[in-house]
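Take a look at the model below. This report covers its aromatic rings, its charges over rings and its inner space.

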Amino acid sequence: SMKTGYIKKKIRKERNKILSKKYQLEIAFKDGFCPIFTAYGDAEKKVNWLHVDYATVDYTAHYHNLFLDVYNKIDTIIAITEDVKKTFCSIYPIEEKVQVIENAIDVDGIKEKAKAFSVDYDTTKLNLIMVGRIAYQKAYPRLIRQMAKLKKEERLKENVVLHIVGDGEEIEEVKRLIQENHLQKNVQLHGYQKNPYPYIASADMLLLTSYYEGLGLTLYEAILLGVPTFATKFANVEKTLANGKYGKIVENTEEGIYEGLKQILEDKDRIKVLKEQTKGFIYTKNKEIKEQIKQLIEEN
């Protein structure tokens, strides 16, 4: 339906079934199908939110003609970072429609949730943590493979533990890699947790080794809790981590992850330095973001 263009008629028909009235403002808040649903609707103003780096992952790649029509029907397009805007506009030259509004962060709420309960990590060990859906984008398997390589070379000792908080479609693959590489003492699975913040706050370093991210909000959350981060290069990561002040940035490859982990294991004092530097981090953008969203709504 998307390739033939029939999706346009299909959307209008389905919208009539599920929506009982006309809206002044409609926001397509997810990349991919959502803007199609909004574009062929009858809202007075239509907004599309962009969350991913289109240079890395383009959900519209096979349907550019369709999405040219979609974006022509959208009034305003919001990108969560300047990098996301830049890469999107390199594919769709409609820069006049695109503005940047970063994600707001509930600073006080995050800090309060982090105190909800205590997490009993073994403090004699180096406790690393990954938080998020265990899906392709987050690239858990390639991280496990690099940990296995480090263990084979005897660089990864039993005093290093990766805590994984999350669940998802690649969980069985992760479990298989842990078992095959005898990493049971180095990787602990905590499953999905409604409140992951105590797990983050108790860790020595947060890892985000995704293939791609729009913003990498987890990085900000960790820094707010005084936890330095280890991240692969993706859109906006240098800005988020102040070019390495609040964490370690590595190439977005298996070799990059391997070399970065090796350096951390060989120089654990570096984590202490990074941890000290996170204490000076203050997130000041919420007021500006609130005003931008208010203006977006009032323009309707």
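Is Y71 buried or exposed? Y71 counts as buried, because its relative accessibility is 1%. Buried means under 20% relative accessible area, exposed means over 50%, and partly exposed lies in between (1.4 Å probe, protein chains only).

This is a predicted model: local features need pLDDT of at least 70, side-chain atom pairs count only at pLDDT 80 or more, and totals for chains, interfaces and linings use all residues. Residues are numbered from 1 along each chain as its sequence is written, and side-chain values use heavy atoms, with hydrogens and water left out.

**Aromatic rings**

A search of the whole structure finds 11 aromatic pairs. Rings of Phe, Tyr and Trp (its six-membered ring) pair if their centres lie within 6.5 Å; planes under 30 degrees apart count as stacked, over 60 as edge-to-face and the rest as tilted. Two of the pairs involve Y71.

| Pair | Centre to centre | Angle between planes | Type |
|---|---|---|---|
| F67 and Y71 | 5.7 Å | 40° | tilted |
| Y71 and F88 | 5.1 Å | 85° | edge-to-face |

F67 and Y71 share helix α3 (residues 64-73). They are 4 residues apart, about one turn of the helix. Helices (H or I, at least four residues) are DSSP runs, numbered from the N terminus. F67 is buried, like Y71.

The pair of Y71 and F88 links distant parts of the chain. Y71 is in helix α3 and F88 is in helix α4 (residues 82-91), 17 residues apart. F88 is also buried, with a relative accessible area of 0%. Y54, F67, Y71, F88 and Y92 form one aromatic cluster.

**Charges over rings**

A charge sits over a ring if NZ of Lys or CZ of Arg is within 6 Å of the ring centre and within 35 degrees of the ring normal. R15 has its charged end over the ring of F37, 4.8 Å from the centre. K149 does this with Y258, at 4.2 Å from the ring centre.

**Inner space**

How many cavities of 30 Å³ or more does the structure hold? It holds 1. A cavity is a set of points on a 1 Å grid over the protein atoms alone, where a 1.4 Å probe fits but cannot get out. The largest cavity has a volume of about 40 Å³, where volume is the space filled by probe spheres set on the points.

Lining residues have an atom within 4 Å of a point. For the largest cavity they are L128, M147, L150, L156, V160, L261 and L265.

Technical notes:
1 Å grid on protein atoms, 1.4 Å probe; cavity = no way out; pocket = protein on both sides within 12 Å on 5 of 7 lines; lining within 4 Å. Helix = DSSP H or I, 4+ residues; strand = E, 2+ residues; numbered from the N terminus.
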